[in-house]
Every structure is written in structure tokens, then in C-alpha cells.
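Notebook open, model loaded. I'm jotting down what I look up about sheets and surface.

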Amino acid sequence: MSLPVRRGRLSSPGTSHQSSEAREKLRRRLLGLIEGNRVMIFSKSYCPHCTRVKELFSSLGVECKILELDRVDDGASVQEVLSEITNQRTVPNIFVNKVHMGGCDQTFQAHQSGLLQKLLQENSAYDYDLIVIGGGSGGLACAQEAAILGKKVMVLDFVVPSPQGTSWGLGGTCVNVGCVPKKLMHQAALLGQALNDSRKFGWEYSQQVKHNWKTMTEAIQNHIGSLNWSYRLSLREKSVAYVNSYGEFVEHHKIKVQQLEKGSPGKLKVVAKSTEGPETIEGVYNTVLLAIGRDSSTRKIGLETIGVKINEKSGKIPVNDVEQTNVPYIYAIGDILEGKLELTPVAIQAGKLLARRLFGGHVEKCDYINVPTTVFTPLEYGCCGLSEEKAIEVYKKENLEVYHTLFWPLEWTVAGRDNSTCYAKIICNKFDNNRVIGFHLLGPNAGEVTQGFAAAMKCGLTKQLLDDTIGIHPTCGEVFTTLEITKSSGLDISQKGC
């Protein structure tokens, strides 16, 4: 792990037997280093305890001044004078804001107790302990957790309006255009299907049933508005400063806040050529929607000014296992991370744990493995762990056993819906006690079912444990307690009963 440091070299004579005058001069120089640096580490480059301390401060995003005693001519003399100053003969010898911390063990104890973080904030030249750019799920979770831990926090959140002037409130993608409206519209679709099924269950209605899009969207927008307000209220209650403005780095540790002008409808000429034939479409429009996913808005916030690396193609930000970028005091969480899941609960978990590591003395990292998720299509798909293809890539096909079946939900039988649509599958590692490493379900309420099994997978779920579990009948989830057919057997998986 790299650490941004300013390494020093002293030019005093290379002997430990110095005159009183030379010794006093060295003493003053060392005191100057201690008093002139926020964190001063006297170290030896080969010492593993020194390395641990450097990595700790790096993970906290704290810049250190380091003097490697084995790389200066008068290292022995420096260590002798340090011993006189601190009554400590070993390295690392650490000072934080002029306070002598001691060695490696004492520093880690101070980190665990919160004392180190308190010392680091004393006489701080910064306006805030933490500034969060982006008021989405992860950013809000991190900001509020840091505030709970007693830190001064600011959240900057601004959504660039569309050409028609459309924007949204605090809460990010999930609340405004993602999880929440998606699930509510999903529910609207399910209710429509339930109306069709209801006649088979004896419900009679003569009037024509139709859907009013405006009524639905207004109700959903009202709910979203209430969530936007509740987030603002929560920040206010925790004394987190919230500014609805665009944040941009202008130099290290310094952010500028230029609300952008709102857009207005304009005219766009569009020329589109078919990929399947020679025809060309041409027209003039107020708005053009490119429904090809989302882009990471990381290119206009000044990251290049302070040297933060991003993936030039995707805009995503690479980080290490503690969400730290290549610039130690800058961290990234949520959907902008390279190679990580774009899921709200993941961002929230990562945000909370980041704040606890930075300000609460904790060490727990976010676990990005075995994260459950669901696709809320009319027939839901839920999964946790590895896909079959990924499992084969990681463990090899001969080391896996795949159990699967089609099933027919009882609710679908009377309604006369297809009996070969719903599907359940688990992937097991044969050489790890048949541990379940992949869970997949296509069926009603897959999200609710998958959530429970995800907890079991975190606890080391095996095929035998599933077999030993008594199912709740009749439910969709019970199908995982009766799986018998392996994919390798080639046997028929059609459902033949309730």
C-alpha cells in the first residue's frame, strides 16, 4: 500500500558521539519536525511494525512526514535524542499534533478507542471533517454515521436538470428513479395481473377495468417527495450541513460549490441509421432519450485536479478493499465503484462501515460477496452468490453439483397460468461439504424468498442443511428444501404436483 509522504533527510554528522552543541542542534531540529507536522513518524524502512502504522494512517487518508532512520547518516544519533525526548528507544515513534503517541501498539489502541481520531482533528485547518459529494444512499449513510460519531459533516448534492428542467430531490437514484419507483410500478403491474386471475377465483365485475397512468405517477411522485423531505430532516437532526449545489475539487482538501443554470427546452436534430438495414430516420425534437443505462458523473467534479484516477471509458473509480482511491484522503462508495455491484443496500453498508473506520476506530470492511439482489420484472428473479457460468470459471465444472427444478406456484394453478415458467437452482461446491455458492430463483416474490436464503448463505449454507430444513407448505420457498434432480443427471425437471 502506498502512502503519500514527504520523506526527510538530515545532514548532521554521521556519528552518535556528538558534542553538546551538535546534540542540542539535532534536538531542536527534531522538535521542529514534531511541531511542524500534523503526523510525524520516526521509522525504519524494514520494520514491519512501522509498515503497519504507515498503512493505518494511509487508510485514514492522513498525510504523514516520515523519517526513515536507517536511511539517514545520523540515524543512531536521532534515535538517541528521541529516546531522551520520549523515553522510548524503539521505532516507530509517532507524534500526532505534537502529542507523543508512542509505538505501533499504542497507536492502534488509540485508533480503536477513538483517541487518535480526536487528536487528528485538533487544530484542524479544514472546515469539515468529512465532505460527501452526492446525496445518494451510500453518501447519506456515510454522512449520518460520521455525524453520529461526532464529526462535522457536509453533504453536497445537485442533479443537473434535463433540457425540460426536470430534476429530483435528495436520495439519489434509488429513491428518485430507481428502486422505489421501480418497485411501486412493479406492484401496479402485479395488481393488473391479479385482476385477470381474480375471475378464476370467483370474483365478478361487469364494468371495464382500465389503468390511469396519471393517477399512478402522481401517487408515486408524492411518496418520493415525502422521502426526499425525510432525508433532509434526518440530516438536519444530525447537524449535517446540506447544500443543494455542485461540488468540484479545485485543489487538495478544497472543494468549490457553482450552482449550475437550469436547462430549458431546446431543439435537437437527430439523424439515426438502422443497424439492420439501409433506412435512415431524421427529425427535430425537444428531448432525446438515450436509454442505454447510466453514466458515472465523475468527469466534471475536479478529480483530475487532485490526481484521482478514474476509468476513462466508464468513469468508474478504482478503489482498494477499504474504498480508498489512489489519493489517500478521497474515498468512493456506491455505484461509481469499478467492478462492484450497483445496489442501494451495498452502498449504504459501505458508507456506514467507511464512516466507522474513519471516525470510530472500527476495522470491519464491506463484504461484496454473496450479496442478494432481485430483478423486479413481472416474474421476479432473485439470486445470491455466483452464477453457474462464474462458478465453473472459479471452481471448474467437475467440482460442482447443480440442483434444479421447475415449479408451479399454487396460486397459479386455479388461474391456469403456465406450469413450466418458475425455476429454482442451487450451485454447490462438492469439495466443500456441498456448500451452496449460488442461489437462483425465478418466481413470485423472489425478492422476499432470496433475502432469507442470503442470510443462510452468509452462515455457510450446505445442501444437507437445506435437506434437513422442513418447508412451509404451500410456498415457493419450500422448493429449495426438496431439490433432488441434478443438472448432470439430465432427468426431467417438470413439476408434477403441488
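Which residue is the bridge partner of Ala-424 in β17? I looked it up: Leu-441.

First, the ground rules. The model is predicted, so to speak of local features I need pLDDT of at least 70, and side-chain atom pairs count only at pLDDT 80 or more, while totals for chains, interfaces and linings use all residues. Residues are numbered from 1 along each chain as its sequence is written, and side-chain values use heavy atoms, with hydrogens and water left out.

Next, I followed β16 (residues 422-429) and β17 (residues 435-442): they run antiparallel, joined by seven bridges. Strands here are DSSP runs of E, at least two residues, and helices runs of H or I, at least four, numbered from the N terminus. Two strands pair if DSSP finds at least two bridges between them.

I then traced the whole open sheet, five strands in the order β13-β14-β17-β16-β15 with antiparallel pairing. β13 (373-375) and β15 (400-407) are at its edges, each with a single partner strand, so one side of each has no neighbour in the sheet.

I also checked the other open sheet: three strands, β6-β7-β8, parallel pairing. Its edge strands are β6 (130-133) and β8 (241-243). Three bridges join β7 (residues 153-156) to β8, and Leu-156 has Val-243 as its bridge partner in β8.

Last, Tyr-285, which I found in strand β12 (residues 280-285). Tyr-285 counts as partly exposed because its relative accessibility is 38%, between the cut-offs for buried (under 20%) and exposed (over 50%), with a 1.4 Å probe and protein chains only.
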